Amino acid sequence: MSQAASGSPSGRSGSFAEALRWAEASAALRGAGQTVSEPDLFLGTLLAHPDPDGEMRRLIGYFGLTARDLLPDDFPKITLDSLRQAAATVGASPLGQDQQVTQVISVADRLAPRRTPILADLVGALLAESQFFRQALQRPLNRSGLSVSTLADRYRTFLVELVPQQEIAGKKLGEWLAGTFPRRPASLAAFSSDVVDPTADFVDISVEADAFAYLISSRTLVPPLAIGLFGQWGSGKSFLMAKIRHRICQLSELAGKTAQANLTVWPNVAHIQFNAWEYVETNLWASLLEKIFDKLGPAQQTLSDRKRTDILESLDATKNEVAAAERELERLRGAETKAADAVRKKEEHLDAVVRTTAELRDRMITGELESVARATLVQTVVAAGKNELDGTPAAAVADGVAEVRRAVVASRTSPWLQKKFWTGWRVVYVALAAAVVPVVAFVMDKLSAPPLASLVTSLAPLIPLAALALKAVADFATNQQEALAEAERKVDEELAAAVTEVKNDLSAAKDQLQTTQADVGAAKTVAHEVRDRQTELERRRDAYTVGTTLADFVAGRGASDDYRSQLGLISKVHQDLQDLADLTAEFNRETPLAAGGPPNRIVLYIDDLDRCPPKKVVEVLEAVHLLLSFPLFVVVVAVDTRWLRSALHDALPALDATPDEAGEQPKAMDYVEKIFQIPFWVEDLDDDARRRLLRGLLLPSVAAQPITAGGGGDTLQLGKREEELVTAMLTDFGSWLDLDATQLQLTEEELAFIESLAPLMGGTPRRVKRFVNICQLLLAMAPPLSAEGGQPTERMATCFMAVLHEGTPYLAKRLALASADEISEPPATLRTALAAFGEDELTVERRCVETWLTKRKELMGRGAGDDFDLTPMSRFLSRYDLIRRLTFDAGT
């Protein structure tokens, strides 16, 4: 419906007047002749501004409420059709208003004397004056520790600061509420399971069903956990169980819509309902395990797909790496082949150059030697012609022989032995040197000899001629040997450069081959590594394909006949549950917050146990005990303790055994306490609760009140905004749930105080753990307990009553009853309550408490104070109603 832009005839804003008209429509909903009541005025403020920035919608929506949360239980059911019909009646004739409505409107007119009254003023007047609205709103506000009076007083400040011409009132109200009343985070209670876990954390929680919902959904909770809902038949155990399940589903839904990496609750919790009574005639383990795996089967495919997708993506990437590595290896192998061919060709080239050089070297040396030999022969002949023998012929002959010997020695050296030295011309030159030189020497000597020589003188020249021949041969050989060495040196110098260049090329080719071979080795290593990765990924892919994921495991167990045929043994059950727990834990580590995926936690609800025969009851308890061996399950069991106790006595004869010498005898509840970590007693509904339940169950069947159509006038119209408001705020109840949560924090003083309570609690570790769990649960519940003021604070007083209830339950109950019955001034204190006991009444228990009070200051140290027993009992009893219900038997 469109909002009036100008003021109404009465001087109020258009939205103010619109709210009054919608209030009349609401009155028409309740039947003909009805006057406008406070609930009608409340609905009118909602419908006058139906959009999300509407003032009343902003106000109640901030606290997680809808109009259905605040309307009276007997208010008619509202539908679009009924509201449209009621709106059509407005304008025919104004309806009357009851006195409370008139008073509220009057207050609204006076809230802002300097400006025209607006819809926000009417909302403020409802907060300040409407008893209906204040009482209806106070109940949900108690959860936040906020009073309506405080809200109303602060709201007046908001109205003073509001500038309607410049600001949208509803939007401004939302900002103001967020700044003035910031939401208090929900607490997650901690839990210590019977399985020892040093890393276990503490968490906070809310109240009753919400408390258990937060606890079960909490990511910091380390299962296993068994919760026992105890009470008589028909007390509402099954309803509470269903309520807990519903609230967990709502939390999961909120978590799935919230993009938070640090969610404190699991988004995927699997709920399995197991009614033991339905399987009385079958094998319990066969029925229970089949139920679990059948329920989980359809939801697990997501995990299988996700795991396989991750592996296949990695496998594809690795295959690409393998292909690239193999291409690189192939390229390097080609380069290696080319480098090896280059080395081979360089070696062949070097061999050819060496052979060619050797052949060329021999020819060059031979030519050089022949030239030197010709010159040497001429020189030798000339020298022979000029030579004169010195000394005696005998000496000359001796010198010649010596020269010949030297030549013989020289002839044994390598040049003389080489074929290239004895060429055809060289043989001629040597022969000429041996023959011509003596002849020339002889002729020259004769030409110069005297004509008259004696016979002896004429024969004498033969001796020197022989000497000269020997010397000539020796000199010629010596000169040729020196010439050969010089020729080799010259030729080697000329050819060395060419050979060195080829050798350098060969060395470079070998270096390149060695480098390429090293690259090939490295490439082989890389290719081997990526192939190994591919092989491992293929193995994992095949493994997940054949059923090692949770999905395939569950599907396989669900399709198996192991349980249906009742042939499964406890060992098989244990192994299958262990595999299920391991796979779920792996998923929680890898992708814990993926909404819509496999379950992060499994909650098993066991109901109708008190319909089963005793043997089946014990089997179920044994099954619960086994399930608590795995960090996966939370089990919620609803049972009548009377039936449970009777069944245990029938099935376990040891419970009826004769007491021992000390008078001790096993009790049925001792057995139960070993299985359930948190007990909760469900009491019968009181009158008001039963009345609300009746109305809630029957209201959908109530026929709508007939509405007489009005005639003419400016009728109200329902547009899309009004329709959206009906759906969002008038149809369903609000969730009142909040994902904002912080871990419960204890102060050092509180920890020291709780430690000091040790003498008052039970002696077994199980009872100590149960006290710790219950104590934290109580401290986390809403509304929050005060930690301010002198000791004991509200939080400490609650812990004191919790430890009394755990260690001496009859004394705690007696103190509560005595305090409730006593009406005195000044109010009863712990001291007066203890003094009211009879002399012989609970003597041991009272003496234990009195001793603790006496030693308290010593236990707590300085600052403990000595007035603990002067604390009003009202502080100790602020949460006792819940304390007494956290028990296995309401009779204690």
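Reader: What should the 16 residues of helix H28 (residues 765–780) span, and how far apart are its end C-alpha atoms?

Author: The expected span of a helix is 1.5 Å times one less than its number of residues. In this predicted model, helix H28 should therefore span 22 Å, and its end C-alpha atoms are 23 Å apart, which agrees.

Reader: Which residues of H28 are buried?

Author: Buried means under 20% relative accessible area. In H28 the buried residues include Arg770, Phe771 and Asn773, and also the run Ile774, Cys775, Gln776, Leu777, Leu778, Leu779 and Ala780.

Reader: Is Arg879 buried or exposed, and where is Arg879 found?

Author: With a relative accessible area of 7%, Arg879 is buried, because that value is under 20%. Arg879 is found in the loop between helix H33 (873–876) and helix H34 (880–883). Leaving aside its neighbours within four places in sequence, Arg879 is in contact with Leu778, Met781, Ala782, Pro783, Leu785 and Thr798. Although Arg879 and Met781 are 98 residues apart along the chain, their C-alpha atoms are separated by 9.5 Å.

Reader: Which residues touch the most other members of the largest nonpolar core?

Author: That core has 69 residues, and Phe42, Leu59 and Phe133 touch the most other members. Helix H1 (residues 14–29) gives the largest share of this core, nine residues. Apart from this core lies another, of 66 residues, among them Leu777, Ala797, Ala833 and Tyr880.

Reader: What is Phe133 in contact with, leaving aside its neighbours within four places in sequence?

Author: Phe133 is in contact with Phe42, Met56, Leu59, Ile60, Leu70, Leu126 and Leu127.

Key: Residues are numbered from 1 along each chain as its sequence is written. This is a predicted model: local features need pLDDT of at least 70, side-chain atom pairs count only at pLDDT 80 or more; totals for chains, interfaces and linings use all residues. Side-chain values use heavy atoms; hydrogens and water are left out. Helices (H or I, at least four residues) and strands (E, at least two) are DSSP runs, numbered from the N terminus. Buried means under 20% relative accessible area, exposed over 50%, partly exposed in between (1.4 Å probe, protein chains only). Contact means heavy atoms within 4.5 Å. A nonpolar core is a set of buried Ala, Val, Leu, Ile, Met, Phe, Trp, Tyr and Cys residues joined through side-chain atoms within 4.5 Å.
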